[in-house]
Amino acid sequence: MSRSARPRTASVQVWQGYLTNRGKRLRDGRFLVHGVKPITRALACDWPLETLLYRLGGPELSGWAREVLDTSRVPRVGLVPELMAELGDGVPELVAVAVARPGELDDFAPGVPGGVPPVVLVADRPDSPDVLGALIRTAEAFGAAGVVITGPGADHHDPRTVRASTGSLFAVPVFRAGGAPQVLAFAERQRRRGIPTRLVLPGAHGTPVDTHEFDQATVVIVGDERGPWPTAAPLAIPGAADTLGAAATATITLYEIARQQQ
């Protein structure tokens with residue numbers, strides 16, 4: 001199905017709201033996807049896409065955009081450049097309207113595939129969509145079973161987060177939690193399932209990360225270390241207190257876990 005829209009319709013106003021309004025994204029369960037890699041990954045992961053918006057007029061669409069439009073079964077709407085400009089930086093040639101997949105941390109129960117204990121990355125109150133996107137990308141790169149976002153930090157459906165994840169958002173389960181109690185309850189449920197699970201908090205103090213034994217399922221918590229994580233074992237990462245950000249801290253920790261579990 002394909003149709004074109006030249007005037008600024010009510011639908012365009014709704015889509016524009018998904019660009020900047022977190023409340024509208026949450027209410028409608030919809031969000032925007034920009035960029036070649038994120039849209040390609042969304043399609044490859046069979047993520048539910050409601051609409052493909054494409055640019056009418058102006059420069060010819062790229063081969064990639066043309067192929068997406070020709071091969072996907074997602075309904076499409078053509079918009080003149082002035083309207084496409086309202087839906088992203090510059091004048092994007094293609095924007096996807098995605099459907100948020102519901103998921104509850106209380107129902108998340110990762111197993112032990114191939115005998116390798118699962119790793120979950122917790123982003124504690126992330127303050128930036130770019131940082132959150134990088135954390136999700138890092139989680140996928142090192143085979144994490146999922147990502148949990150605690151507190152009122154950045155939104156994983158913010159278009160900036162989606163783009164910064166380079167599409168990893170569509171490949172890794174992502175959950176939101178009110179705070180530490182839900183994460184602690186998740187770890188306890190895992191233990192009751194017979195999967196010993198340890199919480200670790202990378203930072204400037206504690207056991208050096210490369211001397212810690214990651215021989216069981218691990219929940220890695222990065223972000224605001226002032227959070228109430230009473231059972232988390234502190235890990236010392238040089239520079240974490242002053243120069244390293246959450247993404248770098250997560251990368252170092254997840255790399256060490258992956259190295260030990262090879």
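Residues are numbered from 1 along each chain as its sequence is written, and side-chain values use heavy atoms, with hydrogens and water left out. Because the model is predicted, local features need pLDDT of at least 70 and side-chain atom pairs count only at pLDDT 80 or more, whereas totals for chains, interfaces and linings use all residues.

The secondary structure of the protein chain comprises 9 helices and 12 strands. These are DSSP runs, numbered from the N terminus (helices: H or I, at least four residues; strands: E, at least two). The C-alpha trace spans about 60 × 40 × 30 Å along its principal axes.

Of the 262 residues, 50% are buried. Buried means under 20% relative accessible area, exposed over 50%, and partly exposed in between (1.4 Å probe, protein chains only). The protein chain exposes about 12300 Å², and carbon and sulfur atoms supply 53% of this area. Accessible areas come from the Shrake-Rupley method with a 1.4 Å probe; for residues, only the protein chains shown count as cover. Contact means heavy atoms within 4.5 Å. Among contacts with a separation of 6 or more, residues 24 or more positions apart account for 76%.

An open sheet is formed by 7 strands in the order S8-S7-S6-S11-S9-S12-S10, with parallel pairing. The edge strands are S8 and S10 (207–208), and each pairs on one side only. Two strands pair if DSSP finds at least two bridges between them. In general, strands of a sheet pair through backbone hydrogen bonds, either parallel or antiparallel.

Strand S6 (residues 119–124) has two partners in this order, S7 and S11. With S11 (residues 217–223), S6 pairs in the parallel sense over 6 bridges. Here Val119 stands opposite Thr218. With S7 (residues 146–150), S6 runs parallel over 5 bridges. Leu121 stands opposite Val147 in S7. The chain crosses from S6 through helix H6 (residues 129–141) to S7, and this β-α-β crossover is right-handed. That term applies if, with the strands pointing away from the viewer, the path from the first strand over the helix to the second runs clockwise. S11 is also joined to S9 (residues 197–203) by 4 bridges, again parallel. In that pair, Thr197 stands opposite Ala217.

S6 is mostly covered, with 6 of its 6 residues buried. Val119, Leu121 and Ala123 are buried on one side, and Val120, Val122 and Asp124 on the other. Side chains in a regular strand alternate between the two faces of the sheet.

The largest nonpolar core has 44 residues. A nonpolar core is a set of buried Ala, Val, Leu, Ile, Met, Phe, Trp, Tyr and Cys residues joined through side-chain atoms within 4.5 Å. Those with the most contacts inside the largest core are Phe31, Val33, Leu94, Leu121, Phe170 and Val220. Apart from it lies another core of 17 residues, among them Val122, Ala177, Val183 and Trp229.

Phe170 lies in the loop between helix H7 (159–164) and strand S8 (174–177). Its relative accessibility is 4%, so Phe170 counts as buried. Beyond four places in sequence, Phe170 touches Phe31, Val33, Pro38, Arg41, Ala42, Cys45, Trp47 and Val162.

Thr150 belongs to strand S7. At 1% relative accessibility, Thr150 counts as buried. Leaving aside neighbours within four places in sequence, its contacts include Val122, Asp124, Arg125, Ala177, Val183 and Trp229.

Arg125 sits in the loop between S6 and H6. Arg125 has a positive phi of about 50 degrees although it is not a glycine. Arg125 counts as partly exposed, at 33% relative accessibility. Thr166, in the loop between H7 and S8, also has a positive phi of about 50 degrees. Thr166 counts as partly exposed, at 29% relative accessibility. Most residues other than glycine have a negative phi.
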